[in-house]
Amino acid sequence: MTLLKRVASATTALGATAFLAMPAWAQEAVAAAPAAPAPTVDKGDTAWMMMSTVLVLLMILPGLALFYGGLTRAKNMLSTMTQVGAAAAFAMLIWVMWGYTMAFGDGGNAVISGFGKAFLSGVTPASTAATFTAGVAIPEYVFISFQMTFAAITVALVLGSVVERIKFSAVMVFAAIWLTIVYFPIAHMVWASTGYLFILGALDFAGGTVVHINAGVSALVAAIILGKRIGYPTERMAPHSMTMTGIGTGLLWVGWFGFNAGSALEANGSAALAMINTFVATAAAGLVWMLVERLNGHKGSALGFCSGIVAGLVAVTPAAGNSGPFGAIVLGSIASIVCYYAVAVLKPKLGYDDALDAFGIHGIGGMVGAIGTAFTYAPGFGGPGAADYAIVPKLLVQLQAVGITIVWATIGTVIAIYVAKAITGLRVSTEVEREGLDLGEHGERAYNY
Amino acid sequence: MKLVIAIIKPFKLDEVREALSLLGVQGMTVTEVKGFGRQKGQTEIYRGAEYSTNMVPKIKLEVACPDALAGRVVEATQAAANTGAIGDGKIFVLDLVEAVRIRTGETGDIAL
């Protein structure tokens, strides 16, 4: 099942219901418009989607903020947490102003929707959004909120590569432009029923391309333009609190059930499949990362376990409802192996300073997941695909989706970062970077003993 | 008077303190320190980034005592802090010119 997040305005449907409810007009109505029956809003679905939405918020605050914050040096803890939180908050406001309409509004073309729902124009508590089951809908406000958290976490993920040196003001400018020219169009292309990649049949259950490849590639481009942190890679830049990172990892994993299983848009079997895959792919990936460390002659590490968990979560995201549990385990394991070499070998070899490995884990893990989903979907590998499902054509579609996302994210990020640079200067001064962004940018310390 | 400075393994502090108390040592000053001698430091690896720490955490103990007691303080410290492994630490003995108890102004051995 592909991810259909089409929004149907409820107006027509509700109108039809009102007509049918009046016996005198019923026949006329049927004669005039033998339209689809009014969508039913199920309380169970609605409750689950509200729950999923706040679970994704939990992934950001405090999940991602702690995960990222713990990985930075103590002098940049508050800066990292604040950048994550503020970028996400800004994304929420932008989403209701012009983001939602660009991604899921009515009309428009294969790249963006029309602007008819700017400032949520016309949306009421009675408006509904379609799910994957014909005739079943959820309140549009729930759908808007759910998708809002995706935009929020994606822009926050990008920051993983640029923390410890980017200005707070630059983050805010970057976030506004990047969401507008990168995130909203890609979300539309992949998830809206009129989107280019949606029509092609690209499989992306919960955001392998839209969220992870997109964020990861953007993070890499941003980090390269911004430059390395002073002292990288010779100075010691070990995580200041693996405890915080461990807590963040746990919150990410828990929140990810909202992200993945919530992407079914209903409380049903598809959500259940996404749920079990989010357990087992992640479990496999956490252990495999530690195993790869051992095979490379190191100790199995706590950070390795956490990194594997995130790599597994990322990889299973596009596959969540598009894979059987054992396909998901294989996918998570492969993602862990590939991501390990991306961060431990490729990054030092190429010399870029992706501070918290946003590209190495989200970008690379997202690519493994998006491409791997073409395989896990196959019934032969235990996937939910139909008996006549052919891997090769789907693989080509997946590769095209990955390619378009990479190119789009690269170009858009270059623009967004240079605009941020022109307006804010982009990077903190050498003194602030040495002293730490907590004091220099926010006037606080994370730890006062 | 002598000032005995001992650099010991952190987990040996309680044993040393007990041994010195038995000798009648009335007080000591303890500091958490880092340093290196013949003991190698550890290597930490975070996602493939290796950091070798050649500074090892130790405890620095400072004990001021009358000349007559210095020998036994050194002996007791050496015995209590010994594990037989590399990295057990060092003991330094310095001549102490003066000691003053701040509350009373007493000086010399009485102030210890």
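User: In which sense do β2(B) and strand β5 of chain B pair, and over how many bridges?

Analyst: Start with the general idea. Strands of a sheet pair through backbone hydrogen bonds, either parallel or antiparallel. Now the case here, in a model that is predicted. β2(B) and β5 (residues 56-65) of chain B pair in the antiparallel sense, over seven bridges. To find one spot, look at B:G35: it stands opposite B:V56 in β5(B).

User: Is strand β2 of chain B buried or in the open?

Analyst: Count neighbours. A residue is buried if 20 or more other C-beta atoms lie within 10 Å of its own. β2 (residues 29-35) of chain B has seven residues, and the number buried is zero, so the strand lies largely in the open.

User: How do I read the sheet in chain A, and what is the order of its strands?

Analyst: Read across the strands. Three strands form an open sheet in the order β1-β3-β2 of chain A, with mixed pairing. The edge strands are β1 (40-41) and β2 (128-130) of chain A, each pairing on one side only. β1(A) and β3 (residues 136-139) of chain A run parallel, joined by two bridges. As an example, A:V41 has A:A137 in β3(A) as its bridge partner.

User: Where is the kink in helix α4 of chain A centred?

Analyst: First, the idea. An α-helix has 3.6 residues a turn, so residues three or four places apart point the same way. Now compare spans. A straight helix of 28 residues would span 40 Å, at 1.5 Å a residue. Helix α4 (residues 77-104) of chain A spans only 36 Å between its end C-alpha atoms. α4(A) has a kink of about 70 degrees, centred on A:W95.

User: How many residues does each chain bring to the contact between them?

Analyst: Chain A gives 13 residues and chain B gives seven residues. On the side of chain A that touches chain B, α11 (302-319) and α12 (325-350) of chain A each supply at least two residues.

User: What does UniProt place at B:Y51?

Analyst: An unreviewed UniProt entry places the feature "modified residue: O-UMP-tyrosine" there, at B:Y51. Find B:Y51 in strand β4 (residues 49-53) of chain B. B:Y51 counts as partly exposed, because it has 14 C-beta neighbours inside 10 Å. Leaving aside residues up to four places away in sequence, B:Y51 touches A:R236, A:A238 and B:E44.

Key:
Residues are numbered from 1 along each chain as its sequence is written. Chains are lettered from A and ligands numbered from 1 in the order in which they are written. This is a predicted model: local features need pLDDT of at least 70, side-chain atom pairs count only at pLDDT 80 or more; totals for chains, interfaces and linings use all residues. Two residues are in contact if their C-beta atoms, placed from the backbone, lie within 7 Å. Helices (H or I, at least four residues) and strands (E, at least two) are DSSP runs, numbered from the N terminus. The expected span of a helix is 1.5 Å times one less than its number of residues. The bend at a residue is the angle between axes fitted to the seven residues ending there and the seven starting there. A residue is buried if 20 or more other C-beta atoms lie within 10 Å of its own, exposed if 12 or fewer, and partly exposed in between; C-beta atoms are placed from the backbone. Two strands pair if DSSP finds at least two bridges between them. UniProt positions are given in the numbering used here, feature names are shortened, and annotations may be inferred rather than shown by experiment.
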